[in-house]
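I opened a new model today.

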Amino acid sequence: MFTIATWNINSVRLREPLVARLLSEEAPDILCLQEIKSPVEKMPLQGFADLGYRHVVARGQKGYNGVAILSRLPIEDAGDRDYASLGHARHVAARLENGVTIHNFYVPAGGDIPDRAQNEKFGQKLDFLTEMRDAFHADKPQKSIMVGDLNIAPREDDVWSHKQLLKIVSHTPIEVEHLGAAQDAGKWVDITRKDIPSGLLYSWWSYRAKDWDAADKGRRLDHIWATPDIAGAGHGSRILRPVRGWQQPSDHVPVFASFDL
DNA sequence: ATGGTAGATATTCTA
């Protein structure tokens, strides 16, 4: 059995102490980070290694984006892909010794206006998702887990108000459709929703709310999916809401799942 | 309808 977590950390250098706290208190076998906002060579890796996380596969860049996989179990680099040719560090993959492949994604946020004619970033987000679909269609993933900040809350109960968010980027029908096409192409099973099939679930709360906890205007942007051959081994999903209340938090909280493999 | 916060970097962009 192993546990895997995904967390948009919004600067791994600033929040090194929070990452260390999560590793100490929750001890996932694998932690996938997004928005590390750092070149790989400037990541604070020594402290994580001292906690037992000696295996790292990462893609970084200065100031923006960046994804990393920290692991207590041996992993090998399984490559990356520049989806939508943005030149951004938004994907990396690693392989465990048991043959399971881990994909770590940071899908573009997409700007504020949900119209590709008025907002280039929204078009890039849709193109990124379309290329994910095509890649999963061309090369059907097997024994794979895919996690990350997908920047889309697909279900009505993944947002605080379905009606009020229908025209808000992250919950528009066209984004949900594009994400669904990528999911279908890989036959990916949403492990979080397999374990917790109904009810409101959020993994992100804006920094802009006066009182995020009281207002509770959250969205489920962070996901853990698995291919059908191993989805049955997935269980024990958790979203660690209290982490949003830690000192100087990320606006995202970690999402966990376990796999009996 | 508007503006609200946060981080990296440079005085603006991205989220």
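Two strands count as paired if DSSP finds at least two bridges between them. Helices (H or I, at least four residues) and strands (E, at least two) are DSSP runs, numbered from the N terminus.

Ground rules next. I am reading a predicted model, where local features need pLDDT of at least 70, side-chain atom pairs count only at pLDDT 80 or more, and totals for chains, interfaces and linings use all residues. Residues are numbered from 1 along each chain as its sequence is written, chains are lettered from A and ligands numbered from 1 in the order in which they are written, and side-chain values use heavy atoms, with hydrogens and water left out.

**Entry 1**

In strand 8, I found methionine 146 opposite histidine 103.

**Entry 2: a sheet with strand 3 at one edge**

I then followed an open sheet of 6 strands in the order 3-4-2-1-14-13. Here too the pairing is mixed. Strand 3 (55-59) and strand 13 (234-239) are its edges, and each pairs on one side only. On average, neighbouring strands are turned by 15° against each other, direction ignored. Strand 1 (residues 2-8) and strand 14 (residues 255-259) run antiparallel, with 5 bridges between them. I looked up threonine 3 and found serine 258 of strand 14 as its bridge partner.

**Entry 3: a helix pair**

How do helix 3 and helix 5 pack? I read an angle of about 15° between helix 3 (residues 120-138) and helix 5 (residues 173-185), with axes 7 Å apart. Axes are lines fitted to C-alpha atoms, for helices over the stretch in contact, and angles run from 0 to 180 degrees between N-to-C directions. Helix 3 and helix 5 are therefore roughly parallel (angles under 35 degrees count as such). Their contact (heavy atoms within 4.5 Å) includes Phe122, Leu126 and Phe136 of helix 3 and Ile174, Leu179 and Ala182 of helix 5.

**Entry 4: the record**

UniProt, in an unreviewed entry, lists residues 5-252 as "domain: Endonuclease/exonuclease/phosphatase". I note that such annotations may be inferred rather than shown by experiment. The span is 27% helix and 23% strand, and its end C-alpha atoms lie 12 Å apart.

Definitions and conventions. Parallel < 35°, antiparallel > 145°, perpendicular 65-115°, else oblique.
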